[in-house]
Amino acid sequence: MENPFDDTYFMKRALQEAELAFDKGEIPVGAVVVIDNRIIARGHNLTETLNDVTAHAEMQTITAAANFLGGKYLQNCTLYVTLEPCQMCAGALYWSQISNIVYGARDEQRGCINLKTKLHPKTKMKGGVLETEASTLMKRFFIEKRNLN
């Protein structure tokens, strides 16, 4: 029997978090952390709500996952995030020793790939999962933001 808990399934959960951010007027990035096919942490951007430049979706989920596990390392965990992590988040993910990062859309300007941010040597990264959906949500947010101003 095929496992229904694949990358698409979990990225859809991250997209739900991104929609929550969108509804709050936050840049629509959402994330979930998974271990053994179980979501242990959810988060979305809260930089405007908390007036905190570090309150990215990834940072929220790293903290929640570490609290759930009772330790700072996220070995054997996978982060699903709708947008490629920035340099700050990639640095935090490095220190968390997360095993896998799966992202939706690339961030050509601020993403960790073009900025050549190092990930932990044991971390594997995969992109493009539900990329169109993640990218469309981001574009919709900025179009609406421009039209309001």
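Which backbone oxygen does the side chain of His 56 reach? In this predicted model, the side chain of His 56 comes to 3.3 Å from the backbone oxygen of Val 53.

In the fold, His 56 occupies the loop between helix 2 (47-50) and helix 3 (57-69). When neighbours within four places in sequence are set aside, His 56 is in contact with Asn 45, Thr 47, Cys 86, Met 88 and Cys 89.

Cys 86 is located in the loop between strand 3 (78-83) and helix 4 (87-96). Residues up to four places away in sequence not being counted, Cys 86 touches His 56, Glu 58, Arg 110, Gly 111 and Cys 112. Cys 86 has a relative accessible area of 14% and is therefore buried, as this value is under 20%.

Cys 89 belongs to a set of buried residues in helix 4, together with Ala 90, Ala 92, Leu 93 and Ser 96. Because they cover an arc of only 160° around the axis, these residues are on the same side of helix 4. The elements that cover the buried residues of helix 4 include helix 3, strand 3 and strand 4. Just after helix 4, Gln 97 adopts a positive phi of about 60°.

Thr 117 is placed in the loop between strand 4 and strand 5 (124-126). Leaving aside neighbours within four places in sequence, Thr 117 makes contact with Gln 87, Ala 90, Gly 91 and Cys 112. One of these partners, Ala 90, is among the buried residues of helix 4. Cys 112 is a contact of Thr 117 and is also touched by Cys 86.

**Strands**

Strand 1 (residues 30-35) and strand 2 (residues 38-44) pair in the antiparallel sense, with 6 bridges. Within this pairing, Gly 30 stands opposite His 44 in strand 2. The hairpin of strand 1 and strand 2 has 2 residues between the strands, and Asp 36 takes a positive phi near 50° there.

Asn 100 lies in strand 4 (residues 100-105). Not counting residues up to four places away in sequence, Asn 100 touches Cys 77, Thr 78, Leu 79 and Lys 124. Asn 100 and His 120 are separated by 20 residues in sequence and by 10.0 Å in space, C-alpha to C-alpha.

| Residue | Relative accessible area | Class |
|---|---|---|
| Cys 86 | 14% | buried |
| Thr 117 | 17% | buried |
| Asn 100 | 26% | partly exposed |

**The annotated domain**

The unreviewed UniProt entry also assigns the annotation "domain: CMP/dCMP-type deaminase" to residues 5-114. Over residues 5-114 the chain is 40% helix and 23% strand, and the end C-alpha atoms are 30 Å apart.

How values were computed
Residues numbered from 1 in each chain as written. Predicted model: local features only at pLDDT ≥ 70, side-chain atom pairs only at ≥ 80, totals over all residues. Heavy atoms only, no water. Helix = DSSP H or I, 4+ residues; strand = E, 2+ residues; numbered from the N terminus. Contact = heavy atoms within 4.5 Å. Polar contact = N/O pair within 3.5 Å; in protein donor to acceptor, adjacent residues only side chain to side chain. Buried < 20%, exposed > 50% of the residue type's maximum accessible area, 1.4 Å probe, protein only. Pairing = 2+ DSSP bridges. Arc of directions from axis to C-beta. UniProt positions renumbered as here; feature names shortened; annotations may be inferred.
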